[in-house]
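Hello,

Here is the structure I promised to pass on to you.

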Amino acid sequence: MACRISELVLDAADPGLLAAFWSEVLGYVELGREDDGSIEIGPPGTGFGGPQPILVIGPTTDPRPTKLRLHIDVSATDRDQEAELARLLALGARHADVGQTGTESWYVLADPEGNEFCLLRRRIEPV
């Protein structure tokens, strides 16, 4: 028996802003809200325990660390990398510099609160 990633937890100064951003990026919907202000988002019709992990975006007033020790990689499912890059930038992502050389096959981006994530070149099948 093994484990499976069921949820990723992300601290945010504005959970609503990040929940809306990541819902659009991933095609997720709001699954629920907790009393502490956390917002859970996940795949429509599946939710917790499905084939994809849900995101729990919780409020924090702690300052963001300078470099995250874990980041998210995303791959487009229905368009090429350049078209997906344009879509992500239109949603509020921005280019981020983490020391890349410029020859990488991926783009390093940041969400509206500055959390880095990568857009990979390879397209994958939707779940």
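This is a predicted model: local features need pLDDT of at least 70, side-chain atom pairs count only at pLDDT 80 or more; totals for chains, interfaces and linings use all residues.

If pairing is new to you, here is the background: strands of a sheet pair through backbone hydrogen bonds, and they can be parallel or antiparallel. Strand E3 (residues 39–42) and strand E4 (residues 54–59) run antiparallel and are joined by three bridges. E2 and E3 also run antiparallel, with four bridges between them. Glu40 turns up here again, as the bridge partner of Gly32 in E3. Between the strands of the E2 and E3 hairpin there are five residues, and in this hairpin Gly37 takes a positive phi near 95°.

**The sheet with E5 to E8**

Now look for an open sheet of four strands with the order E5-E8-E7-E6, again with mixed pairing. Which strands are at its edges? They are E5 and strand E6 (94–95), and each of them pairs on one side only. E6 runs antiparallel to strand E7 (residues 107–110), and two bridges join them.

**Helix H1**

Helix H1 (residues 15–26) has 12 residues, and at 1.5 Å a residue it should span 16 Å; the C-alpha atoms at its ends are 16 Å apart, which agrees. Which residues of H1 are buried? They are Pro15, Leu18, Ala19, Phe21, Trp22, Ser23 and Val25. After H1 comes Gly27, with a positive phi near 70°.

**The pockets**

Some background first: rolling a probe the size of a water molecule over the atoms shows where empty space is left.

The largest pocket has a volume of about 720 Å³. Its lining is made up of 29 residues, and those nearest its centre are Leu26, Gln52, Ser75, Thr77 and Ile124. H1, strand E5 (72–74) and helix H2 (81–91) each supply at least two residues of this lining. The largest share, four residues, comes from H1. By class, the lining has 17 nonpolar, five polar and seven charged residues.

The second largest pocket holds about 540 Å³ of space. It is lined by 23 residues, with Val9, Leu10, Asp11, Leu68 and Asn115 the closest to its centre. Two or more lining residues come from each of strand E1 (7–12) and strand E8 (116–119). Which element gives the largest share of this lining? That is E1, with five residues. The lining of the second largest pocket divides into 14 nonpolar, three polar and six charged residues.

Enjoy exploring, and write back with any questions.

Best wishes

Terms used
Residues are numbered from 1 along each chain as its sequence is written. Side-chain values use heavy atoms; hydrogens and water are left out. The expected span of a helix is 1.5 Å times one less than its number of residues. Buried means under 20% relative accessible area, exposed over 50%, partly exposed in between (1.4 Å probe, protein chains only). On a 1 Å grid over the protein atoms alone, a cavity is a set of points where a 1.4 Å probe fits but cannot get out, and a pocket is an open set with protein on both sides within 12 Å along at least five of seven lines; lining residues have an atom within 4 Å of a point. Grid points are joined across faces, edges and corners, and a volume is the space filled by probe spheres set on the points. Ala, Val, Leu, Ile, Met, Phe, Trp, Tyr, Cys and Pro count as nonpolar, Asp, Glu, Lys and Arg as charged, and the others, Gly among them, as polar. Two strands pair if DSSP finds at least two bridges between them.
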